[in-house]
Amino acid sequence: MTDSVAEQTALAQAGATGEPVEITAERTEYSSTTANPDGSFTLTQSTAPQRVRSDDGSWGGVDTTLVRRADGSVGPKASVVDLAFTGGSSSGKDMIRLGSKQGSVSLGWPGALPEPAIDGATATYANVMAGVDLELTATAEGYHEVLVVKSAAAAASPELEQVSLSASGEGLRVVPGAGGGLRAVDENGNTVFKGPAGQMWDSAGSQQTVSQSARVTAVDDPQDPAGGGNTTQPGVGDSTAVLPVHVDGEAVSVTPDLGLLRGTETVYPVRIDPSVGLGVSERSVISSDGDRWWQFDGDYGVGLCGNADGYYCGNGYKNRMLFELAPI
C-alpha cells in the first residue's frame, strides 16, 4: 500500500518543485485532485471509473476479465462493484449478484443454467431455451444481460413472449425507475444501482452492403468503434425496440416486441438486453435514428454523421451525448 499524500503536503511539494502534485488522500475511482504550484487545485472527474481500490487500500486498473472463483461463481478481476455470475445452477438461483457497501441485489433465471463458456468479460450459457443463449458481460460498474435468439424457429417459442427474472435484495429493494427502467434503493430511498429501459435489436446492420462507387466502407463504423466486436449494443442498420422493465414484487420482466422478434424482415440473431449498473454517474448516446447506448464505451461522435472519411452513415443521423457526473 502506498502512503497517501494529504492536501497541505501536496501544496508544499508543488510549491517546492514547481510541478503539480496529486492529493492521493482524496483520490477516488472516478476523480483525482492535484495541488498546483500557484496554490490552486485541479479536480479531474470522469463518468467512468479510472481505477479500482483493493481491500488493502492500494489502487489498480479496471479489469473486467472474468475468472472462476473458489466458491464456484464467475466474476471480474477488478471492478468498482461486487459482481458475481453463477458458475452453473440446477435452479438458476443467483444468476447475477450485484453488490456494494450499501447492500446487494440478486437476479435469478427461471430454470437450470449450464456451466458457462468464458471469453474475456462475457460468460455464455448455451441453450437456456431452445436456440437461445444467455450472455452475461461484466462492466466496470455493472453488467449486460443479453438473450441471443439465434433463429426464427427459436423466436417462435412462447417462453420469449415475456422474460421474467426473480429479484431479491440484502439491504436494497428493487423498484420501478424513470423511463421504464429500474432502481435498487436503500432503506432511505437512495438509489444505489439503476438501469434504463431494456432494448432489443436484430442483426440487419451486418447484412448491409456498401456500394464501391460511393467510396465508403463499413469497416470504420462510427457507431462501433471496436470494429464490429461489441454485441452488447446495436450497430448501424440494426432494427431496435425499447422494452420497459416491469417490477412486480420479487420479479422483474420485459415484454419483447413480437413484431421485431418474429418479423418477416427480421435478421437473426436477435438480442434482448435489460442492463443494470452502479448509480454513481451516467452517460448515454442518443441517435436521431432511434438508437441509444447507455454507459457507452468508445468514441461515438457528436453531431451529424455524413458519408465521408471512410464512414458509412446510411441516410445520415445525429448523435447527442448526455453526461451526469456524481456529486462532489
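The protein exposes about 16100 Å², of which carbon and sulfur atoms supply 48%; accessible areas come from the Shrake-Rupley method with a 1.4 Å probe, and for residues only the protein chains shown count as cover. This is a predicted model, in which local features need pLDDT of at least 70, side-chain atom pairs count only at pLDDT 80 or more, and totals for chains, interfaces and linings use all residues. Residues are numbered from 1 along each chain as its sequence is written, and side-chain values use heavy atoms, with hydrogens and water left out.

**Overall fold**
- The secondary structure comes to three helices and 28 strands, which are DSSP runs numbered from the N terminus (helices H or I, at least four residues; strands E, at least two).
- Of the 328 residues, 45% are buried, meaning under 20% relative accessible area (1.4 Å probe, protein chains only).

**Nonpolar cores**
- In soluble globular proteins, nonpolar side chains tend to be buried together.
- The largest nonpolar core has 49 residues; such a core is a set of buried Ala, Val, Leu, Ile, Met, Phe, Trp, Tyr and Cys residues joined through side-chain atoms within 4.5 Å.
- Phe 85, Met 95, Trp 109 and Val 149 have the most contacts inside this core.
- A second, separate core of six residues includes Ala 10, Ala 14, Ile 23 and Ala 35.

**Glu 135**
- Glu 135 lies in strand β13, residues 132-138.
- Although buried, Glu 135 has no salt bridge (a side-chain nitrogen of Lys or Arg within 4 Å of a carboxyl oxygen of Asp or Glu).
- Arg 271, the nearest side chain of opposite charge, is 4.5 Å away from Glu 135; Lys and Arg count as positive and Asp and Glu as negative, while His and the chain ends are not counted.

Methods: Buried means under 20% relative accessible area, exposed over 50%, partly exposed in between (1.4 Å probe, protein chains only).
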